[in-house]
Structure formats: structure tokens, C-alpha cells
Amino acid sequence: MTTALITGATAGIGREFAEQLAARGHDLVIVARDESRLAEVRDEITARYQVAVEVLAADLSDRTATERVAQRVSDRERPIDLLVNNAGYGLPGSFLETDIDDEEALLDVLVRAVLVLSHAAAQAMVSRGRGQIINVASVAAYLASGTYSAAKSWVVVFSESLSGQLDGTGVGVSVLAPGFVRTEFHERAAIDVGDREGTLWLDPTMTVQTALDDAGAGKVVSVPGLQYRAIVTLLRHLPRRVIRHPGVVGRQRPR
Ligand SMILES: NC(=O)c1ccc[n+]([C@@H]2O[C@H](COP(=O)([O-])OP(=O)(O)OC[C@H]3O[C@@H](n4cnc5c(N)ncnc54)[C@H](OP(=O)(O)O)[C@@H]3O)[C@@H](O)[C@H]2O)c1
């Protein structure tokens with residue numbers, strides 16, 4: 001039996017990772033802040049699948065809490081075979097409107113936690129000669145649209161770099177870059193997205209299925225959906241002056 005540790009496993013994409021990995025027979029360690037939701041997910045999954053689910057409540061913007069999760073990832077007695085760095089959110093408002101403490105907390109969750117947990121996982125997994133890390137970025141990584149997109153660009157480059165460094169060790173690294181997915185993300189970030197219908201909206205099931213299939217096939221960058229593969233190809237070939245144009249990224253005006 002192998003064990004997967006998933007951050008942000010109580011909602012959206014992370015909840016779907018928990019479901020699909022349990023269905024594939026993995027024991028789980030699920031991480032998020034809300035303890036009652038963690039317990040609900042544990043109970044739902046253990047009722048449906050013959051797997052063990054361990055709950056680890058942690059706020060990944062808090063250094064001590066992140067260190068606790070890193071220690072669980074490093075635990076040699078209870079190895080983690082698959083790490084999914086998924087927890088994340090966006091901030092409402094533009095850079096001139098946000099509080100700098102909120103920006104730092106966002107960076108800690110989107111970047112620092114991914115760095116610290118990947119480091120712990122890579123060391124433990126390489127010593128065992130096997131394992132897989134999946135980091136969740138976004139199509140926003142290919143835009144120049146605020147601190148969220150800058151953080152997700154970091155996740156893509158970091159994951160590609162780590163994948164190259166771990167080549168031949170038996171440890172795989174992949175990065176999932178989805179477009180719009182129907183989760184709690186937009187509501188939490190107070191982003192008005194209307195009825196969430198249309199070809200640009202992905203469902204979490206297919207998103208996670210693609211991530212797991214691509215990771216299993218050794219693909220480093222996973223972009224679910226033909227429409228988003230076309231968009232990412234286009235974004236990667238557009239001149240940077242177009243990518244950073246105020247008409248694309250939105251102009252910042254002082255209040
Ligand atoms: N939905 C999209 O359109 C979309 C597109 C591209 C990329 N993504 C990325 O996909 C990932 C998952 O997002 P989602 O759409 O599934 O969002 P979601 O439905 O809002 O779920 C977010 C999860 O992250 C956890 N979380 C949030 N802040 C946390 C913190 N400080 N410490 C620990 N856990 C925390 C939440 O649980 P608690 O609140 O209990 O902590 C929840 O389990 C994120 O990295 C997001 O950036 C989403």
C-alpha cells in the first residue's frame with residue numbers, strides 16, 4: 001500500500017485528488033486548515049474505499065505548521081510515496097488594494113509551502129529510489145497578471161527544474177496547470193465568474209484524471225483540456241510585451 005499526502009484536500013481539486021487516489025488504493029494524509037471539513041472528508045472516503053486516511057490540520061501560511069507537515073513528509077517510518085502540493089487561493093482586488101500581510105501569506109502558501117514540502121519529499125523519496133511529486137500551478141503561470149500569476153510561474157519553473165534534477169533517481173515531478181475549474185476558488189477570491197458554463201470551464205474530475213495520467217506517463221507539464229493546451233501554446237509564443245500589456249493584465253490605478 002502506498003500513501004499520498006495532499007494539501008488543500010477538503011475542497012475542489014484537492015478533494016478530487018483525494019477521491020481518485022483513494023479509488024486507486026492509496027492511503028491518504030489530508031492537509032487543510034478546517035478541522036471539521038478534514039474529518040468529513042476522512043469519514044466519506046473511509047466509508048467508500050478500503051484505505052486509511054490521516055488528518056493533518058495545518059495553515060500553510062504559518063511556518064511552524066508547514067514544518068509539521070514537512071516532518072510528516074520526511075517520516076521514514078511512515079513513508080509518503082506521492083506528494084500533491086495543491087493548496088492555494090487568490091486574493092480579491094488589485095495589488096494596490098491588497099494588504100501586504102495578505103500578499104505575504106499568499107506567497108507562503110503558493111510558493112514557500114511548495115518549496116519546503118517538495119524539499120522534504122525529494123530528499124526522502126530519492127533515498128528510497130522512488131516517489132512522485134505533483135505541484136498544482138495554473139494557466140495563469142503563462143500570463144503576467146498579478147502576484148498570483150507570478151507565484152504560479154514560480155511553481156512551473158521550480159517543478160520543471162526539480163524534474164530535471166531528479167532525472168534518473170526514480171522520483172518523478174510534474175506540474176498541473178489548469179485553466180478555469182469549477183471549485184470554491186472563485187467564490188473564495190470574490191471573483192464574479194457568472195454561471196461557470198462554457199468551453200473554458202473544466203470539471204475537477206477530468207482535471208485530476210489528466211494530472212494523474214500525465215504524471216504516470218512521465219509528462220512534466222500537464223495542461224488539461226485541448227482548449228487550454230492551445231491557449232498555453234499561444235501564450236508561450238506571444239511576445240512578452242503583449243503578455244504584460246495593460247489591456248491583457250489590467251491597469252493599476254491608485255484609489
Ligand atoms: N479553480 C480554478 O479555476 C483553478 C485554476 C488554476 C489553478 N488552481 C489552483 O488549484 C489549487 C486548488 O484550488 P481549488 O480551485 O481546488 O480551490 P478551493 O476549492 O478553494 O480549495 C482550496 C483548498 O486549499 C485549502 N487551503 C486554502 N488556504 C490554505 C492554507 N493557508 N493552508 C492550508 N490549506 C489551505 C482549502 O482548505 P481550508 O480553507 O480548510 O484551509 C481547500 O482545501 C490552488 O493551488 C489553485 O491556485 C485553481
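**Reading the model**

Colleague: Let's start with a contact list. Which residues does Ala-113 touch, not counting residues up to four places away in sequence?

Modeller: Contact means heavy atoms within 4.5 Å. By that rule, and with residues up to four places away in sequence left out, Ala-113 touches Leu-60, Thr-66, Asn-85 and Asp-108. Before we go on: this is a predicted model, where local features need pLDDT of at least 70 and side-chain atom pairs count only at pLDDT 80 or more, while totals for chains, interfaces and linings use all residues. Residues are numbered from 1 along each chain as its sequence is written, and side-chain values use heavy atoms, with hydrogens and water left out.

Colleague: Where does Ala-113 lie, and is Ala-113 buried or exposed?

Modeller: For burial we use relative accessible area: buried means under 20%, exposed over 50%, and partly exposed in between, with a 1.4 Å probe and protein chains only. Ala-113 lies in helix 4, residues 100-128. Its relative accessible area is 3%, so Ala-113 is buried. Helices are DSSP runs of H or I with at least four residues, strands are runs of E with at least two, and both are numbered from the N terminus. For a sense of distance, Ala-113 and Gln-227 are 114 residues apart along the chain, with 30 Å between their C-alpha atoms.

Colleague: And what about the chain as a whole? How many helices and strands does the protein chain have?

Modeller: There are 10 helices and 9 strands. For overall shape, the radius of gyration is taken over C-alpha atoms, and the globule rule is 2.2 Å times the number of residues to the power 0.38. A compact globule of 255 residues would come out near 18 Å, and the protein chain has 18 Å, so the two agree. Along the principal axes, the C-alpha atoms fill a box of roughly 55 × 40 × 35 Å. Of the 255 residues, 47% are buried. Among contacts with a separation of 6 or more, 67% are between residues 24 or more positions apart.

Colleague: Now the ligand. How many residues surround the ligand, and which are the closest?

Modeller: A residue is near a molecule if one of its heavy atoms lies within 4 Å of it. Here 31 residues surround the ligand, with Thr-10, Arg-33, Asn-86, Tyr-148 and Thr-183 the closest. Helix 6 (185-188) is one of the elements that supply at least two residues of this shell, and helix 6 gives the most, with 3 residues.

Colleague: How do the shell residues divide by type?

Modeller: Ala, Val, Leu, Ile, Met, Phe, Trp, Tyr, Cys and Pro count as nonpolar, Asp, Glu, Lys and Arg as charged, and the others, Gly among them, as polar. The shell divides into 16 nonpolar, 9 polar and 6 charged residues.

Colleague: Last one: where is Ala-190, and what is its phi?

Modeller: Ala-190 is in the loop between helix 6 and strand 8 (201-202). Its phi is near 55°, a positive value in a residue other than glycine. At 61% relative accessibility, Ala-190 counts as exposed. Arg-196 is in the loop between helix 6 and strand 8 too, with phi near 60°. With a relative accessible area of 25%, Arg-196 is partly exposed.
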